[in-house]
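These are my notebook entries on a structure that I looked up. I wrote down each term with its cut-offs where I first needed it.

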Amino acid sequence: MTLELSKVAPRVSELGRSAAQRASTRASTAPRIRDLLRAHRVDAELREKVERAVKLRWVGAIPQTEPLDGAIDPPALPDRMTLVAADGSQIYPDRHGVALYYVINVGSIVLRLGTGDTPITESEPAVYFDDDDLLGEDDYPAPAQAINARRAVAEMTRLATVAVEEAKLAPTVALADGNIALRVQQEGISARERARLEHDYLAQLDRLRGAKIATASFISRPGATSVVRLMQLAEQCALDTVAEFVKHTKGRPYDGMTDTPVFEALLEPGQRSAIFRAAATQWSAPYERAGHAIHFFYVNVGAPTQPNIARVETPEWVAHDDDLLGFAHAALVEQCRVTASAYPYVLTRADELAVITSAEKANFEQMIGVELLRRGVEARPSEKAATKAIARYGKRR
Amino acid sequence: MTDSPIRAGRVMRSSTGEFTIGTHLLQADVPSFGAFVKAPSPDGGEVIGLIYDVLVEDDPFVRQMIGADVKEEYIRDHRENRQVPAMVSVLVIGHRRDGRILPYLPPLPPAALDTLVTCTDDEIVAFTEDFTYFRTVLNAVNARPDELLAASLRHAAGARPGGGREFLIRAGRELARLLAFDAVRLEGLLRRIKP
């Protein structure tokens with residue numbers, strides 16, 4: 001055993017103490033922030049402050065038309081509605097493996113509520129091994145960030161392709177997991193690829209908008225602080241000192257308070273918060289330019305005794321369309337009630353359809369090895385990988 | 001009545017005396033408890049057995065849905081799309097080699113991934129003309145022997161024209177001989193196969 005638990009035990013104890021303290025602080029602060037939301041529910045001066053702050057790259061939540069303390073029940077679920085979800089997984093390229101390749105596997109599900117039909121499920125793997133796909137500008141295998149971004153584009157492409165067809169038959173909700181924006185502003189992805197991926201991703205959002213599909217992404221256990229920052233602006237900043245406030249206010253407000261406990265204190269099961277617009281960041285600027293500005297709301301998908309707050313992100317054309325917003329809200333609440341886990345059923349299934357297990361990866365590598373040997377190519381991992389595997393197999397210390 | 005074999009699943013693990021197959025789904029035409037089934041033997045023959053247990057594996061995802069008011073679409077997704085790992089256990093009761101039915105254990109068990117199919121009515125009738133397999137079933141350790149034997153006799157009677165009344169009477173007589181020392185067990189068995 002190389003992780004000597006006796007050596008880390010004191011840090012584990014400190015970690016526990018710190019987590020308990022944070023939870024206690026949040027529990028005591030949440031009602032105060034909730035009361036601030038109520039006090040500023042309709043506040044023209046706050047909106048003016050936000051307008052000024054946004055120009056200075058402040059990153060809080062931007063109020064829209066609904067009162068800030070809104071706690072809105074889901075509309076009734078239509079008799080017939082279709083839910084579509086897609087998710088992906090991957091095998092990263094490994095230059096120490098038996099061959100240089102990577103795999104992206106996208107799973108999708110179409111669930112036609114109200115028909116009694118068996119859902120349509122699919123898993124679509126794609127294997128890449130050409131140099132153009134594999135190698136970055138430095139001739140090293142494409143880094144994980146690049147593969148992740150390509151996977152996200154593949155997921156959104158599948159989501160749009162399936163949802164656009166379904167929308168011809170019934171109102172359709174398209175669900176993705178995690179943030180709705182493609183995060184490609186990262187090291188390891190060339191500017192040219194960034195532009196291409198972003199273009200392809202936005203093209204899928206264009207298709208979804210064209211077919212009037214209620215498109216949303218679901219973030220479980222969100223850690224965002226944007227509404228808390230908005231309340232900080234309301235409470236601690238005067239209209240004529242916004243510039244100084246934005247310039248000098250650093251770190252997480254209210255001792256690390258996040259939005260989640262605030263909405264736990266505000267929302268009953270099934271209810272959603274008001275819609276907010278996400279302040280522009282490096283991720284969101286292209287979306288704003290393309291008419292897909294990122295909006296969000298919080299929704300309580302838990303039970304009366306166990307609130308469970310999720311953050312839902314939508315493009316602006318969903319956020320400002322009452323019908324589409326209602327579909328997404330009602331569908332998410334219904335989905336989270338199917339299982340006891342407060343996580344949408346179709347996203348769970350899409351993940352299940354996409355995931356590549358370690359056993360499947362081993363089988364795939366074996367298949368490659370057999371094919372290489374059949375063609376007279378030596379198939380073995382690098383000396384480094386082989387030696388490490390041997391040492392780890394018989395690991396003593 | 002079954003005129004043609006139905007594919008039931010593939011062999012997951014096997015031994016000389018019993019084997020287990022994995023099957024995708026429980027549905028009406030999947031063979032039931034006590035059904036006669038067969039799988040290829042590595043020596044070119046066929047291993048014949050009785051289904052003695054059908055197990056649906058625990059699935060944590062399904063467990064999460066048990067308390068919810070689940071709509072039909074979700075149930076169909078689980079039953080028809082997900083790889084629900086139903087496992088069917090088979091007690092080996094004989095085999096067939098070179099066209100001859102042999103009511104004792106085969107020299108080799110079926111191999112992994114071999115396909116299990118149901119026996120046709122003609123094959124069931126031919127196999128059950130000889131009651132030697134009764135002893136194998138009555139001495140089975142993992143199966144519920146009396147229930148299994150009775151179920152197999154009901155299947156065998158059903159495979160015969162007219163319901164197999166005469167066959168069941170003959171089988172009852174054979175059981176009376178085998179279980180002469182255990183009247184209680186015999187009575188229980190006869191009640192289960194009463195025509």
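**Entry 1: two helices of chain B.** I looked up where H6(B) meets H7(B), and found B:Leu168, B:Ala171, B:Gly172, B:Leu175 and B:Ala176 on the side of H6(B), with B:Leu186, B:Leu189, B:Leu190 and B:Ile193 on the side of H7(B). Two residues are in contact if their C-beta atoms, placed from the backbone, lie within 7 Å. Helices (H or I, at least four residues) and strands (E, at least two) are DSSP runs, numbered from the N terminus. The contact of H6(B) with H7(B) divides into eight nonpolar residues, one polar and no charged. In this classing, Ala, Val, Leu, Ile, Met, Phe, Trp, Tyr, Cys and Pro count as nonpolar, Asp, Glu, Lys and Arg as charged, and the others, Gly among them, as polar.

I noted that H6(B) covers residues 165–178 and H7(B) residues 183–193. Their packing angle is about 170°, and the axes are 10 Å apart. Axes are lines fitted to C-alpha atoms, for helices over the stretch in contact, and angles run from 0 to 180 degrees between N-to-C directions. H6(B) and H7(B) are therefore roughly antiparallel. Angles under 35 degrees count as roughly parallel, over 145 as roughly antiparallel, 65 to 115 as roughly perpendicular and the rest as oblique.

**Entry 2: the source of the model.** I recorded that this is a predicted model, in which local features need pLDDT of at least 70, side-chain atom pairs count only at pLDDT 80 or more, and totals for chains, interfaces and linings use all residues. Residues are numbered from 1 along each chain as its sequence is written, while chains are lettered from A and ligands numbered from 1 in the order in which they are written.

**Entry 3: chain A as a whole.** I found 15 helices and nine strands in chain A. The radius of gyration of chain A (taken over C-alpha atoms) is 24 Å, close to the 21 Å that the globule rule gives for 397 residues, so chain A is as compact as a globular protein of that length. The globule rule is 2.2 Å times the number of residues to the power 0.38. The C-alpha trace of chain A spans about 75 × 60 × 45 Å along its principal axes. Of the 397 residues in chain A, 41% are buried. A residue is buried if 20 or more other C-beta atoms lie within 10 Å of its own, exposed if 12 or fewer, and partly exposed in between; C-beta atoms are placed from the backbone.

**Entry 4: helix H6 of chain A.** How many of the eleven residues of H6(A) are buried? I found nine, and H6(A) is mostly covered. Among the buried residues are A:Val228, A:Met231 and A:Ala234. The cover of the buried residues of H6(A) includes H1, H2, S1, H8, H9 and S7 of chain A.

I then looked up H1(A), residues 5–39, against H6(A), residues 226–236: they pack at about 65° with axes 10 Å apart. That angle makes H1(A) roughly perpendicular to H6(A). Their crossing is left-handed, meaning that the near helix is turned anticlockwise from the far one by less than a right angle (right-handed if clockwise). On H1(A), A:Ile33, A:Leu36 and A:Leu37 take part; on H6(A), A:Val228, A:Met231, A:Ala234 and A:Glu235 do.

**Entry 5: helices H4 and H5 of chain A.** H4(A), residues 144–166, packs with H5(A), residues 191–210, at about 20°, and their axes are 9 Å apart. H4(A) and H5(A) are therefore roughly parallel. The crossing of H4(A) and H5(A) is left-handed. Their contact holds ten nonpolar, two polar and four charged residues.

**Entry 6: two residues with positive phi.** A:Arg57, not a glycine, has a positive phi of about 70°. It lies in the loop between H2 (44–55) and S1 (61–63) of chain A. Is A:Arg57 buried or exposed? It counts as exposed, with 10 C-beta neighbours inside 10 Å. A:Tyr254 has a positive phi near 50° and is found in H8(A), residues 253–256. A:Tyr254 is buried, with 20 other C-beta atoms within 10 Å.

**Entry 7: where the chains touch.** I found that 16 residues of chain A and 13 residues of chain B form the contact. S3(A) gives the most to the side of chain A that touches chain B, with three residues.
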